[in-house]
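Colleague: I would like to go through a model of two chains and learn how to read its features. Please take confidence, then the contact between the chains, then a sheet.

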Amino acid sequence: MAANSKVTGAVMVVGGGIAGMQSALDLANSGYYVYLVERSSAIGGVMSQLDKTFPTNDCAM
Amino acid sequence: MDIQGEEGDFSVTVKSYPRYVDMDKCIACGVCSSKCPKKVANEYNEGLDKRKAAHVQYAQAVPLKYVLDAENCIYFQKGKCRACEKFCPTGAINFEEQESQQEIKVGSVILSTGFKAFDPTPYYQYCYSSFKNVVTALEFERMLAASGPWLGHLVRPSDDTEPRKVAWIQCVGSRDLNTCDQPYCSAVCCMYAIKEATIAKEHAPNDLDTAIFFMDMRTFGKDFDRYYEHAKEEGVRFLRSRIHTITELEDKRLKIEYATEDGQAVSEEFDIVVLSHGLLIPESTRQLAEKLGVELGESGFAKTSSFAPVATNRPGLYVCGALAGPKDIPLSVMEASASACAAAGKLTAGRGTLVKEKVLPDPINVQGDPPRVGVFVCSCGINIAGVVDVAEVTEYAKSLPYVAYAENNLFSCSQDTQDKIAEVIKEQGLNRVVVAACTPRTHEPLFQETLQSAGLNKYLFDMANIRNQDSWVHSDEPEAATAKAKDLVRMAVAKASLLDPLEEVRLDVQPSAMVIGGGVAGMNAALELARQGFATHLVERDSVLGGNARSLRITATGEDVAPYLEDLVAQVEAEELITVHLGTVIQEVDGFVGNFKTTLASDAGQEVVEHGATLVCTGASELQPTEYAYGQHRMIKTHQELDAALLSGEVDPAAVGTAVFIQCVGSREPERPYCSKVCCTHSVETALHLKEANPDSQVIILYRDMRTFGERELLYREARSKGVLFVRFDVDRKPRVEVDGERITVTAHDHILDRDLVIEADLVGLAAGIVSHRDESLAQMFKVPLDDDGWFLEAHQKLRPVDFATDGVFLAGLAHYPKPLEEAVAQAQAAVARAVTVLSSKEMWLSGTVATIDQSKCVGCGVCWTVCPYQAIDQDENGLAVVNEALCKGCGTCVASCRSGAPNLRGFTNQDVMAQIEAIL
């Protein structure tokens with residue numbers, strides 16, 4: 001893996017649901033700048049609409 | 001949107017739509033929404049109620065800022081109104097805001113665009129669009145939710161009365177090429193229907209009757225079968241039948257007619273029918289994928305290889321979550337972390353270049369100052385305020401000793417309230433803070449950060465849990481709940497006024513890792529770690545690498561395993577940063593996250609390795625069956641044995657005349673009440689292989705539930721169309737296998753004919769379950785738990801599926817739970833992504849809430865260091881106890897065990913706890 005001076009230390013995540021948010025957090029916590037792009041006016045996706053989630057019956061929020 | 005360039009150097013064009021609300025000025029007060037005259041169907045509540053054109057998506061939205069829906073706003077459509085602008089207290093409304101486009105430079109892109117739920121209107125016999133009491137599962141979620149249109153009170157949409165009977169119809173928009181174009185299985189609906197039924201029963205004040213109409217019950221994940229069995233015990237009815245029509249009666253109840261398994265026609269009436277709709281990829285995503293050059297499969301999901309489950313055909317573009325196939329939340333979270341790992345893997349040169357270190361102000365010295373406590377009582381929307389009189393509690397707080405300030409917030413955790421708290425701390429000169437809200441497990445770190453940003457040591461903080469421990473459990477006794485909230489606040493204030501600032505220990509992090517287990521998961525993990533520049537030790541107890549994959553023929557996508565495995569092993573052996581230790585076991589483990597010291601033992605002797613993180617990829621094994629005449633005939637084989645025989649040529653598929661597969665061998669039984677997840681697919685693929693080699697062969701699969709989830713459903717469909725026969729059996733009427741010399745006879749009961757089938761088989765394939773190694777000694781060495789079935793237990797099943805509660809140790813592969821190869825690869829990548837969040841920092845800070853020993857009181861009896869679950873207490877040269885602050889987790893066991901009162905737990909000192917107890921008496 002050659003050091004490439006043109007490598008941008010940033011990642012774009014398209015979609016701010018549970019998957020998007022998790023990958024954004026992991027990347028940011030590893031030292032990369034993250035652009036999280038979301039079409040609607042808030043992040044959270046379908047999971048924010050769920051009441052409880054299986055199998056632990058935790059609240060989705 | 002468009003993406004130009006290549007991996008490492010992309011230029012992405014992003015279009016931003018205007019909110020018409022200035023995010024810096026908006027304080028989410030909600031006045032614009034209340035004044036807005038235009039009502040619109042509320043998408044968040046699936047159209048069950050209305051919102052205004054000026055709105056916020058939901059009360060806990062991040063960012064918590066309002067937005068104007070231009071398509072419905074009266075000003076934008078007709079040029080009138082502008083009421084929001086008039087009433088906004090901060091002047092945040094800006095009608096002039098324009099669409100903007102920007103070009104952003106990034107190294108990789110991850111696509112996690114999610115799914116759209118299937119609209120059941122095409123099932124016109126279910127009359128979803130005309131019968132009010134026929135709802136979708138997502139609508140039902142909103143009906144159950146405390147933040148939904150009925151605030152969690154379960155009622156019939158037609159007349160707001162409480163239902164007595166609710167039915168779920170599965171596979172609406174899935175496994176169906178007849179009514180719609182969705183031949184695949186959506187993988188989550190069986191589980192969510194069981195969940196909804198279970199939760200609905202909890203919500204209903206009466207004994208709610210719940211019935212689920214299904215074809216196959218697909219509860220294949222970790223603890224899912226247990227969830228299913230538990231639901232049955234709770235009285236949820238499961239009826240295997242596909243419903244044709246729903247009829248509406250005069251009182252708006254819904255009639256469903258179905259046939260029982262023994263052929264009886266039954267008619268039942270339900271108050272609500274929930275359609276378990278499937279997941280699909282919307283047209284907008286298909287268009288985006290086309291524009292970006294990302295290949296999608298026929299079903300609309302991204303095409304990925306089993307060996308690279310998050311990579312697309314375009315290097316540098318990755319996918320995760322539902323876009324890569326219908327899946328549940330734990331797997332979405334795993335794939336998300338995996339894609340983070342994959343994306344970062346090629347960008348190591350750029351790590352840290354664009355991020356800034358967060359600088360916090362130096363904490364003020366509050367030693368010696370009289371305590372000035374600030375109390376912030378949270379309404380949590382209606383979660384707390386719906387039961388507890390928060391205004392009363394706030395007033396009460398002001399009367400407590402040392403309280404200098406108290407206020408009530410709607411959502412204390414929201415960003416704007418954080419800013420407000422920080423301001424109040426400075427204005428009022430507060431030096432202790434109490435937040436009366438939810439559990440510290442949710443937001444303690446958030447509030448602690450707020451204290452730090454205001455210049456206070458983060459340990460000068462306490463929480464009173466007036467939600468989980470009050471409003472949630474005493475919801476039908478508001479007066480008593482309010483009194484209890486006051487008690488809890490009084491206790492928290494008593495403790496807070498005694499809190500001292502604490503220091504945190506700083507440690508160096510060893511930037512290397514150890515991967516235990518050299519199978520597919522372990523090898524992938526090691527390679528990903530090496531790619532990111534971390535030296536890795538790969539420890540394998542066998543004399544060769546490869547693990548279970550060595551006896552596997554193909555993956556679920558039909559890709560050959562053997563050449564992949566050979567290549568993988570070659571890559572591992574060639575990688576400089578990986579040191580492979582074969583024939584080696586772990587003997588001893590010392591240390592903790594960032595600083596592990598592990599002793600390895602092999603024929604060559606012992607070796608101590610230092611590493612910062614550990615990845616457990618120890619795999620599992622195939623069950624040796626004790627039934628079905630296994631071992632009595634060479635043509636009765638388990639799946640791995642059969643795969644190996646097909647690969648070696650020992651079994652010639654063209655020469656097999658009759659083959660019988662028996663599913664669930666050893667799985668889903670009292671001894672192993674879990675599903676091994678891969679076997680249904682494996683049998684179907686082998687069946688297809690046999691049919692291809694010999695189309696005239698008779699292939700029969702005896703099953704309990706066909707669990708070909710997700711896109712594997714298409715394999716099941718293909719098998720049926722090619723003439724593979726599927727016969728269902730019940731667990732209390734299992735097939736019999738008899739061996740007489742060279743003859744194998746399989747007897748199975750056919751439930752439709754109600755007769756026994758006697759099959760003379762040339763080959764019997766046993767779908768033997770996957771069993772854990774139940775490696776208790778390894779678990780103890782790394783201080784990680786195992787669950788009842790011997791699988792390693794992760795920190796949180798949904799949100800932290802590759803972490804352990806113990807920091808610095810991560811999990812991937814079969815050791816976690818049975819899974820197919822592509823999931824093991826994804827999980828391995830995910831574990832690396834998580835491990836890298838530890839390894840990439842040069843230092844780490846440990847919690848300040850650790851125990852200390854007052855040696856003047858210690859007699860060296862040894863009780864504390866014996867009971868310490870983290871082995872954090874040592875005996876010093878004087879024979880007295882001393883705490884290793886790096887290992888101490890602040891559990892308090894030592895404090896409770898000592899009869900001399902020598903240990904004290906910082907942040908929870910004896911004085912603090914006594915003050916709380918005295919406050920409550």
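Colleague: What pLDDT does chain B average?

Modeller: pLDDT is the predictor's confidence in each residue, from 0 to 100. Where it is low, the predicted coordinates should not be read in detail. Chain B averages 93, and 100% of its residues score at least 70. The model has an ipTM of 0.93 and a pTM of 0.88.

Colleague: How many residues of chain B are in contact with chain A?

Modeller: Two residues are in contact if their C-beta atoms, placed from the backbone, lie within 7 Å. By that rule, 65 residues of chain B touch 47 residues of chain A. Helices (H or I, at least four residues) and strands (E, at least two) are DSSP runs, numbered from the N terminus. Of the side of chain B that touches chain A, α8(B) supplies the most, 10 residues.

Colleague: At what angle do α1(A) and α8(B) pack?

Modeller: Axes are lines fitted to C-alpha atoms, for helices over the stretch in contact, and angles run from 0 to 180 degrees between N-to-C directions. Helix α1 (residues 18–29) of chain A packs on α8(B) at about 40°, the axes being 8 Å apart. Angles under 35 degrees count as roughly parallel, over 145 as roughly antiparallel, 65 to 115 as roughly perpendicular and the rest as oblique, so α1(A) is oblique to α8(B). Residues of α1(A) in this contact include A:I18 and A:L27, and those of α8(B) include B:I329 and B:A344.

Colleague: Which strand of chain A is joined to β8(B)?

Modeller: Strands of a sheet pair through backbone hydrogen bonds, either parallel or antiparallel. Two strands pair if DSSP finds at least two bridges between them. Strand β1 (residues 10–14) of chain A runs parallel to β8(B), with 4 bridges. One bridge partner of this strand pair is B:S108, for A:V11.

Colleague: And what is the order of the open sheet in chain B?

Modeller: Its 3 strands are ordered β28-β29-β30, with antiparallel pairing. The edge strands, β28 (584–592) and β30 (605–611), each pair on one side only. The twist averages 20° from one strand to the next. Between β29 (residues 595–602) and β30(B) there are 7 bridges, and B:S602 stands opposite B:G605.

Note on methods
Residues are numbered from 1 along each chain as its sequence is written. Chains are lettered from A and ligands numbered from 1 in the order in which they are written. This is a predicted model: local features need pLDDT of at least 70, side-chain atom pairs count only at pLDDT 80 or more; totals for chains, interfaces and linings use all residues.
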